Amino acid sequence: MAKTYQTYLYGASFGIEENGRILDGWQVDRNNILFQSKEYENPTDAMQELNFHEPSHPNWFATMVEWTDGEVSDEQIFDSSLIFVDYPDY
């Protein structure tokens with residue numbers, strides 16, 4: 001099984017709000033790919049390419065994708081530009 005690794009930056013969007021209350025929180029916007037590295041044989045090389053890319057969007061999620069024989073076998077969010085917003089319970 002041949003494995004390769006790739007990093008992505010996706011724009012993020014804020015979830016549904018209702019009467020000032022957050023229902024869904026932050027969501028990865030998979031239709032808004034800000035950056036996509038080349039595929040590498042090890043995750044370190046994919047991460048290094050990402051490190052030289054400056055995100056142009058204020059809200060983003062960074063993911064590492066593992067490909068096995070051309071199919072996505074794993075994807076993990078490892079960083080984001082988002083901050084936690086603590087809202088009081090209603």
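Reader: Which strands does helix α1 lie across?
Author: In this predicted model, helix α1 (residues 43-51) lies across β1, β4, β5 and β6, running at about 40° to β1. Contact means heavy atoms within 4.5 Å; axes are lines fitted to C-alpha atoms, for helices over the stretch in contact, with angles from 0 to 180 degrees between N-to-C directions. Helices (H or I, at least four residues) and strands (E, at least two) are DSSP runs, numbered from the N terminus.
Reader: And what order do the strands of the sheet come in?
Author: β4-β1-β5-β6, an open antiparallel sheet; strands pair if DSSP finds at least two bridges between them. β4 (26-36) and β6 (71-80) each have a single partner strand, so one side of each lacks a neighbour in the sheet.
Reader: Switching to β5, how many of its residues are buried?
Author: Nine of the nine, so β5 is largely enclosed by the rest of the structure. Buried means under 20% relative accessible area (1.4 Å probe, protein chains only). W60, A62, M64, E66 and T68 point one way, while F61, T63, V65 and W67 point the other.
Reader: How many bridges does β5 make with β1?
Author: Nine, with β1 covering residues 3-14 and β5 residues 60-68. Y8 sits opposite T63, and G11 has W60 as its bridge partner.
Reader: What's up with D69 in the hairpin?
Author: D69 takes a positive phi near 50°, in the hairpin of β5 and β6 with two residues between the strands.

Notes
Residues numbered from 1 in each chain as written. Predicted model: local features only at pLDDT ≥ 70, side-chain atom pairs only at ≥ 80, totals over all residues. Heavy atoms only, no water. Buried < 20%, exposed > 50% of the residue type's maximum accessible area, 1.4 Å probe, protein only.
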